[in-house]
Amino acid sequence: MSDDVILNYYEDIEVGHKASFGKTITEADILMFAGVSGDTNPVHLNQEYAETTMFKGRIAHGMLSAALISTVFGTKLPGPGCIYVGQSLKFKAPVRIGDTVTATVECTGKLDDKKFCTFRTVCTVGGKTVIDGEATLMVPSRG
């Protein structure tokens with residue numbers, strides 16, 4: 001199955017279907033995310049401060065990388081019309097300016113009575129997991 005196929009309806013989705021989206025994180029992304037979210041933690045914005053932390057330099061907001069999971073859901077799998085019901089996240093490693101984050105979702109189950117699908121959600125940088133989680137989405141039905 002191609003990563004670019006949009007599956008708009010609950011009936012089209014099968015356990016094991018996957019899709020991905022990748023983005024290289026830029027300085028502008030971090031500044032815009034800080035502005036939109038209000039998260040101005042200096043570990044994201046101030047190099048001198050960030051050098052004093054365990055990360056030894058600036059890191060991207062964890063939720064910036066996590067937002068790429070939402071991109072996959074809304075544009076690829078399940079695609080337009082799906083609605084988040086829940087998401088759990090475990091942040092495993094930092095993301096830095098210049099890193100390319102790839103968000104991948106894989107359907108792990110279906111709840112026919114509610115038209116919900118469950119997904120494993122993973123973000124990686126260079127093959128290393130930086131975020132691991134699970135999500136539940138309500139998916140439009142044909143019926």
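Arg142 is exposed, with a relative accessible area of 53%. In this predicted model, the side chain of Arg142 meets that of Asp12 in a salt bridge, at 3.0 Å from N to O. The pair links distant parts of the chain. Arg142 sits in the segment after E5, Asp12 in the segment before E1, and 130 residues separate them. Asp12 counts as partly exposed, at 24% relative accessibility.

The structure holds four salt bridges. Side chains of opposite charge can pair when their charged atoms come close. Another of these bridges joins Asp29 and Lys23, again with 3.0 Å from N to O. Here Asp29 counts as buried, at 12% relative accessibility. Lys23 is partly exposed, at 29%.

A further bridge joins the side chains of Arg58 and Glu27, at 2.9 Å from N to O. Arg58 lies in the loop between H3 and H4 and Glu27 in helix H1, so the bridge ties together parts that are 31 residues apart in sequence. Arg58 counts as buried, because its relative accessibility is 14% and the cut-off for buried is under 20%. Glu27 is partly exposed, with a relative accessible area of 34%. Beyond its neighbours up to four places away in sequence, Arg58 touches residues including Ile30, Val43, His44, Arg96 and Ile97.

His44 leads on from there. This residue belongs to helix H2, residues 42–45. His44 is buried, with a relative accessible area of 7%. Thr26 and Ala60 are 34 residues apart in sequence, yet their C-alpha atoms are 9.0 Å apart in space. Thr26 is partly exposed, at 33% relative accessible area.

Next comes helix H4, residues 62–75. At 1.5 Å a residue, its 14 residues should span 20 Å. The end C-alpha atoms are 21 Å apart, which agrees. Which residues of H4 are buried? They are Leu64, Ser65, Ala66, Leu68, Ile69, Val72 and Phe73. An α-helix has 3.6 residues a turn, so residues three or four places apart point the same way. The buried residues of H4 pack against helix H1 and against strands E1, E2, E3, E4 and E5.

Now take the chain as a whole. Four helices and five strands make up its secondary structure. Along the sequence, the pattern reads β-α-α-α-α-β-β-β-β. The C-alpha trace spans about 55 × 30 × 20 Å along its principal axes. Of the 143 residues, 36% count as buried. Take the contacts between residues at least 6 apart in sequence: 65% of them join residues at least 24 apart.

The surface comes last. The chain exposes about 7,600 Å², and carbon and sulfur atoms supply 54% of that area. Ile83, Val85 and Met138 make a nonpolar surface patch of about 250 Å². Met138 is found in strand E5. Met138 is partly exposed, with a relative accessible area of 38%.

Definitions and conventions: Residues are numbered from 1 along each chain as its sequence is written. This is a predicted model: local features need pLDDT of at least 70, side-chain atom pairs count only at pLDDT 80 or more; totals for chains, interfaces and linings use all residues. Side-chain values use heavy atoms; hydrogens and water are left out. Helices (H or I, at least four residues) and strands (E, at least two) are DSSP runs, numbered from the N terminus. The expected span of a helix is 1.5 Å times one less than its number of residues. Buried means under 20% relative accessible area, exposed over 50%, partly exposed in between (1.4 Å probe, protein chains only). Contact means heavy atoms within 4.5 Å. Patches are made of residues with over 30% relative accessible area and no salt bridge: like charges are joined within 9 Å, nonpolar side chains (Val, Leu, Ile, Met, Phe, Trp, Tyr) within 5 Å. Accessible areas come from the Shrake-Rupley method with a 1.4 Å probe; for residues, only the protein chains shown count as cover.
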